[in-house]
Amino acid sequence: MEFLRREYPDFGHGDFRTSSYEIVSSKAHTLSGIKYEKYECFKGRDRVFGMPHVRIGSEEEAETLIIHLYDSFLQIRMKIFYLLLEDYSAIVRKVSFENISNEPVKASKLMSFSIDLPSASYDLMFLKGAWSRERHVERVPLHKGIQSIGSTKGSSSHTFNPFVALLDKKTTEHQGEVYGFSLIYSGNFLALAEVDNFDITRVMMGIHTQGFSWVLKEGEVFYTPEALLVYNNEGLNGLSQEYHKIIERHIILEKYRNDVRPVLINNWEATYFNFDEDTMLTIASEARNLGFDLFVLDDGWFGKRNDDKTSLSEWTPNYDKLPNGISGLSKKVVDLGIQFGLWFEPEMVSEDTRLYNENPDFVLGHFNYPKSHGRNQFVLDFSNEAVVNEIFERMKRILNDSSVSYVKWDMNRSITEAYSQSLSKEHQGEFYHRYILGVYKLYEMLTNAFPHILFESCAGGGGRFDLGLLYYAPQTWTSDDTDAWERVKIQYGTSMIYPIKSMGSHVSAVPNHQVGRNTSLKMRHDTAIFGTYGYELDITTMSDEEKIEVRNNIEFFKTYQNLIHHGKFYRLLSPFDGEAASYMVISECQSKALVYYSHGLQVPNAPLSNLKLRGLDPAKKYRIHGAKSSHHGDELMNLGVLFTESYFEKDFIDNFLKPGDFKSLILEITEIK
Ligand code: DGJ
């Protein structure tokens, strides 16, 4: 057992590596012993309830293999599910456990999958970070023993993303073998790689074991979250392209696959809590004139919320600020000719609210012990169905009563004191998973009740950017950090797995509110267009020239929106390897491309750089807007684009070539027929 490659390893019979599940039997032992029973194979996929999963349009798109196993020590029937996606080199995995004994058993570990790969010589790639610097790329060699990442924060978190990749040592961005592993899940997760002394690498992923236990009563079944395993032999970029396509086709709701997302203006960084109806209408009306599609009212519109200490869970308008309520304001905004969007933080409660004081059992934490606040707020017990229903009713009332076409669902703190007053003592270990199931339940209820509303998920910026939430909300606020150069890094890392169209990205004010940096409006725009595109600054105080620039920027984005959101994406230069970053999108027929290039600090006396493009047709001739002559695809890919005055028209390149920090360029490339 010690040197076998195993598929879903048990424990106790000579395989001393990490096991994929752990269950304490009613006889208090953990001995497990799986026996094969049978298999079944069918077109399409099994039915799933209450959990985000890989969607299948028609039965032809996938095939399912289920291996039936039986653990005679534990009296557990297990099924390992393999869903093969017809058009992709991807396998979706999960496991179910059914207690067929006469007594309850308690699980302390139920991983979604385990796989043993035949080499010890891999690099591990993952996305790490913190608030305002999410999903930075890290690649480290695997060593003997265990390496792991995960989250115990109650959300998938800013710290690590539920995604890892194993790369052959020689694999680069554009060539070589790579295996991607991601969890379709938004709660606590664990991703683990273990290299043994027989040169086998075991990888597994699932719900984090810390604080986790699950009581399986007689006859009950537990399903793990699904994991999406993707293979590619064209490097990391090939893996990303595969993930992007799978997510667009099999995770995101079909109606959002080819839709045109609204260009939005959000008032958060423009006003924070300090606004009234007039200020909002002035911004909305100016936004309408500049070509925006959607005005979003962020935090501060409800209860008596003038700072972050109060009113969460009171989803009724702050009439001091908004005398006509959300109903009146939203209708006035819509009358201006622009859609209206609204912010909520459904999972949270403030101490000064009726809900907190009259329903203390709705608040997370043990009544005998102090509860830690985070951003002055407390967490509602979403493992309790009554809480989810109550919040649904409150949100429904306001959404029914107004003209809202977009909702930003925020979540601004990690979970601590994870004790639910609605769960009995045997079931406390189920809290974290039940909490996230409650979040999914509310998403399900809201998206069913309001199918016309576009949801954007958010968690203090990008603290819950994962496939679980993309299943319900097709875009996620990528980070609270809107500084252009920091955003390049965050969006570059995020693109490893998530499609460009899923990344909320805004132009914000300078000096930037997170890092105090000054960057040009051009660089902020160039960076934000590789996402859903929006603004988050006070447009009413901009100069006329700036307003013209904003109008042109929106027009530019709309011209290229389809290409950016549906084109093939290539990363060209990593901001984690130096001071420059570059990526591009190209149309399916290779006739149109858009290239992003920027640098951070100016390198003195820098060498002449040639930016090698990707994905063009070698034989086609292309015109680069601003370049002096046309070039064939092979030349642009092998020799590259030269950022010099002899290559480009002076007008186009002059400003970029002048020494200075934080500069960017967008290259528009069109085939010459
Ligand atoms: C955190 C979000 O990421 C911000 O965009 C903003 O909505 C604030 N919360 C509001 O409190």
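A residue counts as near a molecule or strand if one of its heavy atoms lies within 4 Å of it. The model is predicted, so local features need pLDDT of at least 70 and side-chain atom pairs pLDDT 80 or more, while totals for chains, interfaces and linings use all residues. Residues are numbered from 1 along each chain as its sequence is written, and side-chain values use heavy atoms, without hydrogens and water.

**View 1. Residues around the ligand.** The ligand is surrounded by 13 residues, and the closest are Asp298, Asp299, Lys408, Asp410 and Asp480.

View 2. Aspartate 298 has a polar side-chain atom 2.6 Å from an oxygen atom of the ligand. For arginine 375, a polar side-chain atom lies 2.8 Å from a ligand oxygen atom. In tryptophan 477, a side-chain N or O atom is 3.4 Å from an oxygen atom of the ligand. Taken alone, the ligand exposes 290 Å², and the protein buries 98% of that (Shrake-Rupley areas, 1.4 Å probe).

View 3. Of the 8 residues in α10 (521-528), 7 are buried, meaning under 20% relative accessible area with a 1.4 Å probe, protein chains only. Among them are Leu521, Met523 and His525. The buried residues of α10 pack against elements including α9 (484-494), α11 (544-566) and β35 (663-672), with contact meaning heavy atoms within 4.5 Å.

**View 4. Leucine 4.** Leucine 4 is in the segment before β1 (21-24). Leucine 4 counts as partly exposed because its relative accessibility is 42%, and partly exposed lies between the buried limit of 20% and the exposed limit of 50%.

How values were computed
Helices (H or I, at least four residues) and strands (E, at least two) are DSSP runs, numbered from the N terminus. A polar contact is a pair of N or O atoms within 3.5 Å; within protein, one must be able to donate a hydrogen and the other to accept it, and residues adjacent in sequence count only if both atoms are side-chain atoms.
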